[in-house]
Amino acid sequence: MTHIILLQPRIPQNTGNIGRLCVAAQAKLHLIHPLGFHLDDKYLKRAGMDYWEHLDLKEWDCVEDFWECYPLDCSHYFFSTKAKKIFYEARFQKECFLYFGREDAGIDEVILKDNEEKTFKIPMSPKARSLNLATTVGIALYEAIRQNGLQQ
């Protein structure tokens, strides 16, 4: 299974779209608090459409609680515009954990530094600062599926 971890997401429409994507790709979504919205937000529900009821979703108070349940190892991958390696270099495990940061700040610098060898970026033109969070998750998730196959 692929796990999508959103570290303190701020925009409900992005999280709704990512939830819908997770249902389509049979991935589990983990939301790390604090969130920038409530899970009953109308924009979240609208973006997630009627897929939200089928979503495998787990909320966590903090990333340390998540790591107690899923200890950091070679199956954890972090995505950041600050990474040195391009995500094509990643060799995704069959069960993998893909981390994405806040829309306004990305992943905390300490986490990135501690996991530099497992941190990847998606290539883009120097004219762009970043991609939309839901787009980035989709690119990374489907590369993991390409490498490992989607269980149907």
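This is a predicted model: local features need pLDDT of at least 70, side-chain atom pairs count only at pLDDT 80 or more; totals for chains, interfaces and linings use all residues.

User: Which hand does the crossing of H1 and H5 have?

Analyst: H1 covers residues 12–25 and H5 covers residues 133–148, and their axes come within 9 Å. Going by the clockwise rule, H1 passes H5 in a crossing that is right-handed.

User: Is H1 roughly parallel or roughly antiparallel to H5?

Analyst: The axes of H1 and H5 cross at roughly 15°. Angles under 35 degrees count as roughly parallel. That makes the relation of H1 to H5 roughly parallel.

User: How many residues in the contact of H1 with H5 are nonpolar, polar and charged?

Analyst: On the H1 side the contact uses Asn14, Asn17, Ile18, Leu21, Ala24 and Ala25. H5 brings in Leu133, Ala134, Val137, Gly138, Leu141, Tyr142 and Ile145. Gly counts as polar here. Sorted that way, the contact has ten nonpolar, three polar and no charged.

User: What is the distance between the end C-alpha atoms of H1, and what should the helix span?

Analyst: H1 has 14 residues, and at 1.5 Å a residue it should span 20 Å. The model agrees with that, since the end C-alpha atoms of H1 are apart by 20 Å.

User: Which elements are included in what covers the buried residues of H5?

Analyst: The buried residues of H5 include Leu133, Val137, Leu141 and Ile145, and those four also belong to the contact with H1. An α-helix has 3.6 residues a turn, so residues three or four places apart point the same way. The cover over the buried residues of H5 includes E1 (2–7), H1, E4 and E6 (96–100).

User: Is Tyr77 buried or exposed?

Analyst: Tyr77 lies in E4, residues 76–79. Leaving aside neighbours within four places in sequence, its contacts include Phe92, Phe97, Tyr99 and Phe120. Buried means under 20% relative accessible area. Tyr77 has 4% relative accessibility, so it counts as buried.

User: What is the relative accessible area of Ser80?

Analyst: Ser80 is in the loop between E4 and E5 (85–86). Not counting residues up to four places away in sequence, Ser80 touches Leu112, Thr119, Phe120 and Lys121. It is buried, and its relative accessible area is 12%.

User: With which residues is Asn115 in contact, leaving aside neighbours within four places in sequence?

Analyst: Asn115 has its place in the loop between H4 (109–114) and E7 (119–121). It counts as buried because its relative accessibility is 5%. Leaving aside neighbours within four places in sequence, the contacts of Asn115 are Leu72 and Phe78.

User: Which residues does a cis peptide bond join?

Analyst: Most residues other than glycine have a negative phi, and most peptide bonds are trans. Here there is a cis peptide bond with omega about 5°, and its proline is in the loop between E2 (28–32) and H2 (42–48). The pair joined by that bond is His33 and Pro34.

User: How far apart in space are Asp50 and Arg20, C-alpha to C-alpha?

Analyst: Asp50 is found in the loop between H2 and E3 (57–60), and at 52% relative accessibility it counts as exposed. In sequence, Asp50 and Arg20 are 30 residues apart. In space, C-alpha to C-alpha, the distance between them is 8.6 Å.

Note on methods:
Residues are numbered from 1 along each chain as its sequence is written. Side-chain values use heavy atoms; hydrogens and water are left out. Axes are lines fitted to C-alpha atoms, for helices over the stretch in contact, and angles run from 0 to 180 degrees between N-to-C directions. Helices (H or I, at least four residues) and strands (E, at least two) are DSSP runs, numbered from the N terminus. Angles under 35 degrees count as roughly parallel, over 145 as roughly antiparallel, 65 to 115 as roughly perpendicular and the rest as oblique. A crossing is left-handed if the near helix is turned anticlockwise from the far one by less than a right angle, and right-handed if clockwise. Contact means heavy atoms within 4.5 Å. The expected span of a helix is 1.5 Å times one less than its number of residues. Buried means under 20% relative accessible area, exposed over 50%, partly exposed in between (1.4 Å probe, protein chains only).
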